[in-house]
Amino acid sequence: AFPVVAIVGRPNVGKSALVNRILGRREAVVEDIPGVTRDRVTYPAIWNDRRFSLVDTGGWEPDARGIDRSVALQAEVAIELCDVVLFVVDSRVGATATDERVVQLLRRSNKPVFLVANKVDDSVQDPEVAALWSLGLGEPRAVSALHGRGVADLLDDVMKVL
Ligand code: GDP
Ligand code: MG
């Protein structure tokens with residue numbers, strides 16, 4: 001089996017947009033309405049001639065369990081089954097309580113984690129990116145899934161730990 005890279009994070013941070021950017025085609029559903037990706041979807045992916053499985057997560061449904069619990073559950077399952085985690089946060093929103101909860105799960109697992117600060121469409125957002133050091137997951141990696149900025153560098157580094 002190929003190594004597994006899981007993309008976790010809150011709804012609407014751009015996980016599916018990042019999946020499409022990595023795949024080089026629009027396969028994962030990107031939506032302005034949070035919660036479109038149900039549960040987990042696995043895509044065969046390749047970068048620098050190396051094959052891996054890319055797992056997109058979602059699964060939020062507006063039920064009584066609440067969004068926070070749903071995100072945490074999805075993250076927990078994805079972290080368990082993967083070799084590397086891409087934890088995506090929205091640089092424009094900053095770290096939320098739900099993000100902090102996922103960080104706790106990530107700390108408990110011993111999987112390598114890349115903190116991905118998405119929606120950095122230009123360098124005006126550098127201060128927002130720097131603020132994400134506070135999550136304690138190391139260097140926040142600024143990317144724009146929409147425009148592709150930073151994604152190649154990120155994947156080059158992901159391949160080094162696969
Ligand atoms: P998911 O719920 O985490 O899978 O998020 P989606 O990939 O569905 O994206 C949610 C929204 O954020 C959509 O409206 C996307 O177009 C937007 N989005 C995703 N990535 C970026 C980005 O890099 N820059 C900007 N400006 N918007 C983005
Ligand atoms: Mg999605």
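Of the 9 residues in helix α1 (residues 15–23), 7 are buried, and the helix is mostly covered. A residue counts as buried if 20 or more other C-beta atoms, placed from the backbone, lie within 10 Å of its own. Helices (H or I, at least four residues) and strands (E, at least two) are DSSP runs, numbered from the N terminus. The model is predicted: local features need pLDDT of at least 70, side-chain atom pairs count only at pLDDT 80 or more, and totals for chains, interfaces and linings use all residues. Residues are numbered from 1 along each chain as its sequence is written, while chains are lettered from A and ligands numbered from 1 in the order in which they are written.

**The chain**
- The protein chain holds 5 helices and 6 strands, in the order β-α-β-β-α-β-α-β-α-β-α from the N terminus.
- Of its 162 residues, 38% are buried.

**Helix α1**
- Lys15, Ser16, Ala17, Leu18, Val19, Arg21 and Ile22 are the buried residues of α1.
- Their cover includes the strands β1 (4–8), β2 (40–47), β3 (50–57), β4 (84–90) and β5 (113–118), and also the helix α5 (151–161).

**Strand β1**
- β1 is mostly covered too, with 4 of its 5 residues buried.
- β1 runs parallel to β3, joined by 4 bridges; two strands pair if DSSP finds at least two bridges between them.
- In that pairing, Ile7 stands opposite Asp56 of β3.
- β1 also pairs with β4 in the parallel sense, over 4 bridges, and Val5 stands opposite Val84 there.

Notes. A residue is buried if 20 or more other C-beta atoms lie within 10 Å of its own, exposed if 12 or fewer, and partly exposed in between; C-beta atoms are placed from the backbone. Two residues are in contact if their C-beta atoms, placed from the backbone, lie within 7 Å.
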